[in-house]
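Hello,

Here is the structure I promised to pass on. My notes follow it.

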Amino acid sequence: MGAPPGEIFVHRNIANMVNALDLSAMSVINYAVVHLKVKHIIVCGHYYCGGVRAAMNAKDLGILNPWLRKIRDVYRMNHDELNAIKDHDAKFNRLVELNVLEQCLSVMKTPEVQLALKANTITIHGWVFDIRKGKLVDLKLDLNSFMDRITEVYCLE
C-alpha cells in the first residue's frame, strides 16, 4: 500500500465480516473514525478466502455457523447471478467480491461512519487482495448508490 509503519490501523477477522454485534469490530470502527479521524476505511477481502469457501458449502460448521450466516445471506441475495457462473473458482471469487460490498455497506450503517459521511470527511473502499498475483484489486464500488437505496431504513438522522 506504500504507507509508512503505523499509518494503517487494521482490524482482521474471518471473512472480513462487519457485524454490528461484534463489539471488537464496532469498537475498532468507532475508535478509528471518532478518535483517530481516519479519512479512509478499506474493507479488504481476498480471493480464495477460506471463510467464504466454508459459507458456500451446505454443511454444519458448528460455532462458525452464526459467523458465516451473513455470507450465506449474501449468496442468497445474489443467487441468480452466482448460479449463472459455471466456473467454480469464478463463482467463489465473485462471492468474495459481493461479500466485500456487503461489508462496506455494514460499515456505512454505523452511526459514526454515517456522521463522517455526512460531513464528507471519510471515504469507504472495497478491495480484494489477489493472493495468487500479489495484487490489490479496487472494486470501484459506487457505495453512494447502494446507500441511497437503503437510507430510508438505515439512516440515523
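Before the rest, the ground rules. This is a predicted model, where local features need pLDDT of at least 70 and side-chain atom pairs count only at pLDDT 80 or more, while totals for chains, interfaces and linings use all residues. Residues are numbered from 1 along each chain as its sequence is written, and side-chain values use heavy atoms, with hydrogens and water left out.

Salt bridges next. The whole structure has three (a side-chain nitrogen of Lys or Arg within 4 Å of a carboxyl oxygen of Asp or Glu).

- Asp73 pairs with Arg76, with the closest N and O atoms 3.6 Å apart.
- Glu81 meets Arg94 at 2.5 Å, N to O. This pair links distant parts of the chain: Glu81 is in helix H4 (residues 79–83) and Arg94 in helix H5, 13 residues apart.
- Arg94 also meets Glu97, at 3.1 Å, N to O. Shared partners join Glu81, Arg94 and Glu97 into one network.

How exposed are these side chains? Arg76 is exposed at 53% relative accessible area (over 50%; 1.4 Å probe, protein chains only). Glu97 counts as buried at 18% (under 20%). Arg94 is partly exposed, at 27% (in between).

Best wishes

Conventions: Helices (H or I, at least four residues) and strands (E, at least two) are DSSP runs, numbered from the N terminus.
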